[in-house]
Amino acid sequence: MKKITILWVDDEIDMLTPHILFLEDKNYAVVTCKSGQEALEEIEKTRFDIVFLDENMPGLSGLETLNEIKNAEPTLPVVMITRSEEEFIMEEAIGSKIADYLIKPVNPNQILLSLKKTLDHSRLISEKTTSNYQQEFRKISMDLSMVNTWEEWADLYKKLISWELRLEEIEDSGMFEILESQKTEANNHFGKFVDKNYASWFTDQEGPVMSHTLFQQLIKPELKEQPTLLVVIDNLRYDQWISFEDALTPFYKKTKELPYYSILPTATQYARNALFSGLTPLDMEKKYPKWWKNDTDEGGKNLFEDKFLEAQLARLGLDLEWEYHKISSLKQGRNLVQNFNSQKKNDLTVIVYNFVDMLSHAKTEMDVIKELASNDKAYRSLTVSWFKNSPLLEIIQKARTLGMKLIITTDHGTINVKQPSKVIGDRETSLNLRYKTGRSLSYEAKDVLEAKEPAKIYLPNITMSSSFIFAKNDLFFAYPNNYNHYVSYYRNTYQHGGVSLEEMVIPFVVLEPR
């Protein structure tokens, strides 16, 4: 095993002999020099793993030497050592991207700790993370057979996401494969749980907050004296929210985060209309037949969200100044940024932002997006990149300057579909890959949650004999005709409408301006 080679630069290097002997005893190789100029000459002829650099030296100062080192070897870690605790020196050093900063006198163990932290950081984190997950794996496996409430499922899903994001950082493919299999197992159990309990959630006082109860139960209590910006990001999964949450930290602080459950189908026309209307799809069809459209009806399915919201606000007795905006393009987003100060007169500003939905559909249809978002990690990364450079972040920054409370939520999530499940239906059968509604559906019963009487789960009947089926886990429906082409085209794309933790357990977050 190659020794780690250290360059130690100090004009009083002879006084550090005990430290150097200590490091050599720990199997480090140490090269010493007494000035910045000597150090630069050594770096030209020898490849070092790390530099310990005294700040206060005659000739080239430590900071000047640091700048020269970074110009020559930008990735070479440098640990600054100084007697001074003056703030400007620390700021200069940190601004030059030092690896660590130590105040004299230093003892050998401090030096060793700095080496471990700087050079072994990734390995130590990887080993610790792997060890911790191995222990947690057993606990999660035991929990999977015992989880029996919607609260426990939400907690378990958040725990799986947390581990997914941690394992993602250490690039341990073996551990990641184990986690993926555990997520699949979790979704298998979750599908059975939803199959057994979903219908009761509509009448059970102890059931979860769902799409049609979200506004009354969680949003209404937040609409008090402070003007509020409600952002509904279509298709936003919990892991995507966690991934870009840090981008909001300079502007907002989180005061509440709760998971809530999307209704079935986990599709925009059902879940988002339910959110804005405060009604189930069955009740929307009965009360507002002009605004509600079933799958087989012509025309857009979400054209009346503002009308649904207006009716719900009136029903809840909320006399508010409010506006609704739907953003489906960069131009619309830019226009709202430019005119956002006009929203300061409102008690409530609602924005539906469709980018993540467009991203998931683009992944299905465009090869370049398939390459960029080939898995969940890449899909999250693409979402974060979009958010940090989007008009939406600019809108949120403007909302903060206006002192607006911020609520971020979504209508449903998505899942990366892997396995096909054959289905047969007539020409009136709906087209979604994760749910189907129609007459005389033929399918693999083990692959789906069946709703032969849609009214029991508050869904409208398209015809007297229509039923619904929802794909479980990471399955997607495929017709026998042209089966291989169809499967090849849709496999490993992001879809929604079915039963999975990714689609149903979704974020609701309240934030206050900093």
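Strand β15 and strand β16 (residues 467–471) run antiparallel and are joined by four bridges. Within this pairing, Leu 449 has Phe 470 of β16 as its bridge partner. The two strands belong to an open sheet of three strands, arranged in the order β13-β16-β15 with antiparallel pairing. The edges of this sheet are formed by β13 (435–438) and β15 (448–451), each of which has a single partner strand, so that one side of each is left without a neighbour in the sheet. From one strand to the next, the twist averages 15°.

The model in which these elements occur is a predicted one. Its protein chain contains 20 helices and 19 strands, and the C-alpha atoms fill a box of roughly 95 × 55 × 40 Å when taken along the principal axes. Of the 514 residues in the chain, 54% are buried. Among the contacts with a separation of 6 or more, 73% are accounted for by residues 24 or more positions apart.

Two helix pairs were examined in terms of their packing geometry. Two packed helices are described by the angle between their axes and the distance between the axes. For helix α14 (residues 330–338) and helix α18 (residues 391–401), the angle is about 15° and the axes lie 9 Å apart. Because angles under 35 degrees count as roughly parallel, α14 and α18 are therefore described as roughly parallel to each other. The crossing in which α14 passes α18 is left-handed. On the α14 side the contact involves Leu 330, Gly 333, Arg 334, Leu 336 and Val 337, which meet Pro 391, Glu 394, Ile 395 and Lys 398 of α18. The residues of this contact divide into five nonpolar, one polar and three charged.

Just after α18, a positive phi of about 70° is found at Gly 403.

In the second pair, helix α11 (residues 268–277) and helix α13 (residues 305–315) cross at roughly 35°, and their axes come within 7 Å. The contact is made by Arg 272, Asn 273, Leu 275, Phe 276 and Ser 277 in α11, which meet Glu 305, Phe 308, Leu 309, Gln 312 and Arg 315 in α13. In this case the contact residues divide into four nonpolar, three polar and three charged.

A further residue considered individually is Val 509, which is located in strand β19 (residues 505–513). Val 509 counts as buried because its relative accessibility is 0%, where the cut-off for buried is under 20%. When residues up to four places away in sequence are not counted, Val 509 touches Trp 241, Lys 254, Lys 256, Glu 257, Leu 406, Ile 407 and Ile 408. Val 509 and Ile 219, although 290 residues apart in sequence, are 10.0 Å apart in space from C-alpha to C-alpha.

Methods: Residues numbered from 1 in each chain as written. Predicted model: local features only at pLDDT ≥ 70, side-chain atom pairs only at ≥ 80, totals over all residues. Heavy atoms only, no water. Axes fitted to C-alpha atoms, helices over the stretch in contact; angles between N-to-C directions. Parallel < 35°, antiparallel > 145°, perpendicular 65-115°, else oblique. Left-handed = near helix turned anticlockwise from the far one by under 90°. Contact = heavy atoms within 4.5 Å. Nonpolar A, V, L, I, M, F, W, Y, C, P; charged D, E, K, R; others polar. Pairing = 2+ DSSP bridges. Buried < 20%, exposed > 50% of the residue type's maximum accessible area, 1.4 Å probe, protein only.
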